[in-house]
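Here are a few notes to go with the model. Have it open while you read.

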Amino acid sequence: MLVDDHALFRQGLRSLLESEGMRVIGEAANGREAIRYAADTHPDVILMDIQMPELDGVKATQSILEIDPDARVIMITMYRQDRYVFEAVKAGARGYILKDADAATLLDAIKRVAGGEALLDADMAQNVLDDFRDKREELPSEKHADLNERETMILKLLAQGFSNQDIALRLDISEKTVRNRLSEIFTKLQLNNRTQAALYAIREGIANLD
């Protein structure tokens, strides 16, 4: 689903994606429309502009993820250091793409997120962690000693950007087992989504993005 208040930009994205065999199942010009369409259609990936009339992309993302915690949202922004991006990632967006990115970068980002990955580079992860500290917010403080060896490895691979399928192949287990283990990890660590889990793993030294 494409969410942007500029019709020409949406049309350009639609043409590009459809030329690559992807199906655009909906478009929205503001955050309120995005929430309604996402609830109705459950798209595999949502490309979400940040600054829009009526309701911005951050608030729309937060609402969509409250309705569907598994929604895969990629923020679209003009600026790499846009603080709204941090808020969206903290809420559970899978990452961001710059509006001046080339087609190959955009297509790769969509495919990775569709496969279950989070688009967290080292700078973004550190900035979001710094943002938590600046605002005196905390990720859960439970130590990862509560995780067994297999759970710790799954969390590490998740933080390094591997999809559930890739994790399953690497550990020689089924994707269903990976999903079940991730659910148990989230419960143990009181985390809400993959993005928070990746940030937790980086903060605790379980994984790094260097």
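Where is the place of N30?

1. N30 sits in the loop between β2 (27-28) and α2 (31-41). Helices here are DSSP runs of H or I with at least four residues, strands are runs of E with at least two, and both are numbered from the N terminus. A quick caveat: this is a predicted model, where local features need pLDDT of at least 70, side-chain atom pairs count only at pLDDT 80 or more, and totals for chains, interfaces and linings use all residues. Residues are numbered from 1 along each chain as its sequence is written, and side-chain values use heavy atoms, with hydrogens and water left out.

2. N30 is buried, at 6% relative accessible area (buried is under 20%, exposed over 50%, partly exposed in between, with a 1.4 Å probe and protein chains only). A polar atom of its side chain lies 3.0 Å from the backbone nitrogen of R32. Not counting residues up to four places away in sequence, N30 touches V3, M52, P53, E54 and L55; contact means heavy atoms within 4.5 Å.

3. Have a look at D4 too, in the loop between β1 (2-3) and α1 (7-19). With 1% relative accessibility, D4 counts as buried. Its side chain reaches the backbone nitrogen of H6 at 2.8 Å. Neighbours within four places in sequence aside, D4 is in contact with F9, R10, A28, A29, D49, M52 and K99.

4. Now the helix pair. Helix α7 (residues 149-159) packs with helix α8 (residues 164-171) at an angle of about 135 degrees, their axes 10 Å apart. That makes α7 oblique to α8: under 35 degrees is roughly parallel, over 145 roughly antiparallel, 65 to 115 roughly perpendicular, and the rest oblique. The axes are lines fitted to C-alpha atoms over the stretch in contact, and angles run from 0 to 180 degrees between N-to-C directions.

5. Which residues make the contact between α7 and α8? From α7 come R150, M153, I154, L157 and L158, and from α8 I167, R170 and L171. By class, this contact has six nonpolar, no polar and two charged residues (Ala, Val, Leu, Ile, Met, Phe, Trp, Tyr, Cys and Pro count as nonpolar, Asp, Glu, Lys and Arg as charged, the others, Gly among them, as polar).

6. Last one: Q165 lies in helix α8 and counts as partly exposed, at 46% relative accessibility. The C-alpha atoms of Q165 and K176 are 9.4 Å apart, with the two residues eleven apart along the chain.

Note on methods. A polar contact is a pair of N or O atoms within 3.5 Å; within protein, one must be able to donate a hydrogen and the other to accept it, and residues adjacent in sequence count only if both atoms are side-chain atoms.
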